[in-house]
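I opened a new structure today and kept notes as I went. Here is what I looked up.

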Amino acid sequence: KGVFIVPSLVTALALFLGFYSIIFTLQSLRTGGTLFETAAFALIFAGVLDNLDGRIARLMKVESAFGVQFDSIADMVSFGIAPAVVAYGFGLIHLDRLGWLGAFLFLACARIRLARFNVITQSEPVSRKYFKGMSSPVAAGGLVMCMLQMQRSLDPYYYPYGVLIVTAFLALLMVSNVRFRTFKDIEFKKHPIQYFLLIVMAIASIFAFREDALFVIFLIYLTFGLFEELVLFRRRRKSDPNVPFLPFGDRD
């Protein structure tokens, strides 16, 4: 009861892609191969599917408690365990204990973020406009995109340290109170032509430039979220100087 096949299949496919990236990482470690791009893009496609399953369920009006729980468990595998394994296998492994500590930090923060999101959705109305903390699919995709860029531009000696810094930074953003836009509040009916052209240009850029375009899109999203948070904080401070800035604490 309450199991609807179409959105659940989309969630299951996202779960499979997370598992797929783990398998490719383990194969690379065993054979010494370079399958990082395959593992990275598996996580990117998993993030796209994760964004679709909820929308499909809402469009079909088949939202269920089972779907919510299944999606949460799938997210933990695809955007918690999988990116931690990928980051460790293709970068952090060279830092020994510091490396697996960094990978575990990402895993722990992803689990905390998902648990907090589940509690919030059950206890209070959820904002359609903002996520509280960076979502785990975006953090996982951003992590592998940054790793691809650093792999091509950084010296091999500094590359593991760069991966460690990015992993820790994105992990902390997931459990922070920094607000990032969900884009769920966008009404496509108001400006259909503009949104259509924007989506087409984004898809064309991704096909033409692949990881470069995805990295730029992630960088714009990250910068805009941090900038918007600082602007909102400044406005709130002007109206009430006693309000503290608590990026990692409780906030009303």
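I set my rule for touching before I began: contact means heavy atoms within 4.5 Å. This is a predicted model, where local features need pLDDT of at least 70, side-chain atom pairs count only at pLDDT 80 or more, and totals for chains, interfaces and linings use all residues. Residues are numbered from 1 along each chain as its sequence is written, and side-chain values use heavy atoms, with hydrogens and water left out.

**Entry 1: S72.** I found S72 in helix α3, residues 65–89. (Helices are DSSP runs of H or I, at least four residues, numbered from the N terminus.) What does S72 touch, not counting residues up to four places away in sequence? I noted R111, L114 and N118. (Buried is under 20% relative accessible area, exposed over 50%, partly exposed in between, with a 1.4 Å probe and protein chains only.)

**Entry 2: α5.** I checked helix α5 next, residues 136–153. In α5, 14 of the 18 residues are buried, so the rest of the structure largely encloses it.

**Entry 3: L170.** I looked up L170, leaving aside neighbours within four places in sequence. L170 is in contact with F106, M134, A139, G142, L143 and F218.

Conventions: Helix = DSSP H or I, 4+ residues; strand = E, 2+ residues; numbered from the N terminus. Expected span 1.5 Å × (residues − 1).
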